[in-house]
Amino acid sequence: MRIASFVFWLAVLGAWSCLSPAQGLSISAPDRPIALPSAFPANTYTPHGYIDNPYHSMVFNRSGVVRSFPPLGFGWWRAEFRGNYGGGVRDHVNYLSLLQVSVTYGGKTFLHPEDFGKHQSELYSAYHTKHMMSYDWKCDSIVASLKYFLPRENTLACLVELRNVSTRTQEITLHTTNIYEIGDLRWWGSDGLTAKHSPELDAGITKVWAYGDVFVLGSSLKCVAYTATDSEKEWERWIQSGDHTTIPTAFTRGRGPLWMAQRYLVTIPAGSGRSVLVCLSRGKNEQWAADELKTGFKLALENLRKQLKEDQEFWSRCPILVGDWPETWKRGWVYDFETLRMNVRPPSGIFRHPWDAMQIHSPRVVLGETSLDMMTLSYANPGLAQEVIYGTFADALAPNVPCAREDGSVNMISSDGSECGTAPMWGYPFHVIQSIYLATLDSAWIRNLYPHLKAYIEWWLEHRTDEDGWLHCNNSWESGQDGSKRFLVAESNAGAVADFVRTVDVEASMAEAMQTMELFAAVAGKSMDLPWWRTLADRRIKNTRQMFFDGWFRDVHARTKQPIILQNYFDVMMLTPVTCGIATAEQIKAVKPMFQYFRANPGHWLEWPPHLITFTEAAWNASESLVASEIVAETADRVYARTDAREVRFKDEADRFSYRVAGVANEFWPVKDRPAGGENYGWGATLPMHIIRTIVGFREKENESATEFFLAPFLPKTFVEAGKRYVVRNLHYRGVAFEVTYEFEELERMKITFEYRSPRPTAVTVRSKSGNEVYKQKDKKKTNVLSFQGLNGNAYVLRLD
């Protein structure tokens, strides 16, 4: 649907938003659902997930995360729950407060997850972004969509859209419920819960007895009945029976939960639709909560309009998988990018720029995580990724970018009191920055970053070199590899000082950083620094290459000057010299068998995002991309199947609120099907980067003077089938937008189609990696579609002149 139509229907609904719920006024909605941003990829997404609460932070404001509750609910999770990370959601006043909607028509009630199967209806989400998530289904002649969004910090809204596609009028009963439970940590005043219906507001009011947040639940319709109870069975009976008995108040001692439910009747003529706006608002007292409800109703759709506009802008540029890619990949791709969007937080406290939260429950800045997250986000929104990376350095408490929260507290302090950040191989920040720079040629960004990057390296040379000048980490945390055997003392104490371990991955990544800074010095106009960077890099390259023993890169014990050889222990991070392009050709040849070793032993080593990027980038440099492609594909197959699951996972049957949700990325990608750390975790959403770089093979080329990049298709064996088409839209390079299609013809032969849009007339030349010309465009054009014959597993260089 066109954007003009989208804005028109929002304007129609916007007139409704100013009506007070106390008036009990209904909506004459259009006969079709609200138009969604046209750029968002249409699909049947999982009916589970999160909505972004940008106001939540670890220290200043534990507002709570907004998370789904099956089958048709969302709410504030401000207490410990399965899948949260670091305890940052639980405040002094801690609770769950949920808005649950249920629908009844034709004798069929949709209240529990199993009701959809019982009534032969598929529940899915047609819209699944950080701003809004919908619940969608069809049963008989009714098409239903419940669109949840957070228009304000303290108002959760649900736009209920119902369409009658039959030839006769339909009567529908709508129930809204606030489910309120006190968290597991008691406080002075958490004696119990109480609820009542307010005739003046025509809304339900739920409170902690004697002190806690107050919730008010209202609707744009006039309520016809209501009840309050501390019995889930009684609540279910009231909804399912259609009992018009009204119970105006209830209270319970202890944690609860308490259910405050309200009933509405909706009449829908044949062939038309009806919309209802429901809001759950909170405040510190009843009056403030009621005022928030009124404001929430007034501004809900106006703010939704702004949020959907942001979604349209994002997805009009974000890469999208089209064609014969697995359906779980197409949807998992969306969950990943939306997870990354949620993890970018607005400026707060010491962070004067947008910052990467690592995960949304207990937000903190970690350079390693930020680097991987922003590398992936840069494919969709390079400007925001650049701003986040710049702010990570510019707003840091010290040049080494200590792990910190918005109030300036640091949270990675070693046993000797050192305030640590992450080492240069954890997330490869210099590798990432160079990649983004080559894709954008944004020299102003590099000029601004340059002094901060220089200070980071100088700090490491001053504080993390031993008396002989070799680099080390203070402890395993600083390396990012918490508790690794490599550090000898770390298994029993991850924060223990391990400065006697000369770490080969730090040496190699620092060598790459210094080489990168030689490039950046020229970009930033710091020509006087060029010889210095070259000298520093030469020293680190020499150190790295000297740490090669018995066919493998190894750490060295500073006290004995001997390599640290651990029996039957091979760490994927020892591929860092290959990842960073520091290893010699002979060393690369010697380690090549290890790619098959890690391929056969992916558990732990290739389950974690920083390990996988070490492996895949090393594979590119070692001409082992097919192995890397198979690993990335296997990872995507299992991970996207889980994040696209249709039921909650790892549910505790004894606790209705204890489960893990799909629809967001998790902390890591376990080979075995087990809980994957924290939900909504940034670097767990970086699989699109690997698919783009390793399978699609779109990579930057180190050439500033000419617009060149690689297309190196390495599609896994299971994808190779005649007639199959694999399309990636919305790729970008130095101002040129393009779409790539790989269409298999026979065996590994494929037709590669390249469709571009350039701000200036451009001609494309395609060469093999060895330099042979494959295709040459004669005339320069701003838009063009060209095709050439290629082979899966071959690399091509595209030059745009």
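**View 1. The largest cavity holds about 150 Å³ of space.** A cavity is a set of points on a 1 Å grid over the protein atoms alone where a 1.4 Å probe fits but cannot get out; its volume is the space filled by probe spheres set on the points, which are joined across faces, edges and corners. The model is predicted: local features need pLDDT of at least 70 and side-chain atom pairs pLDDT 80 or more, while totals for chains, interfaces and linings use all residues. Residues are numbered from 1 along each chain as its sequence is written, and side-chain values use heavy atoms, without hydrogens and water. Lining residues have an atom within 4 Å of a point; there are 17 here, and Arg-642, Thr-643, Arg-649, Asn-666 and Ala-676 lie nearest the centre.

**View 2. The second largest cavity has a volume of about 100 Å³.** Its lining includes Arg-486, Trp-552, Phe-553 and Asp-571.

**View 3. The largest nonpolar core has 165 residues.** Such a core is a set of buried Ala, Val, Leu, Ile, Met, Phe, Trp, Tyr and Cys residues joined through side-chain atoms within 4.5 Å, where buried means under 20% relative accessible area (1.4 Å probe, protein chains only). Trp-325, Trp-329 and Phe-615 are among the residues that touch the most other members. Leaving aside neighbours within four places in sequence, Trp-329 is in contact (heavy atoms within 4.5 Å) with residues including Leu-321, Ala-633, Tyr-640 and Phe-719.

**View 4. Asn-53 is buried, with a relative accessible area of 4%.** Not counting residues up to four places away in sequence, Asn-53 touches Ser-63, Gly-64, Val-66, Trp-76, Leu-150, Glu-153 and Arg-345.

Notes
Buried < 20%, exposed > 50% of the residue type's maximum accessible area, 1.4 Å probe, protein only. 1 Å grid on protein atoms, 1.4 Å probe; cavity = no way out; pocket = protein on both sides within 12 Å on 5 of 7 lines; lining within 4 Å.
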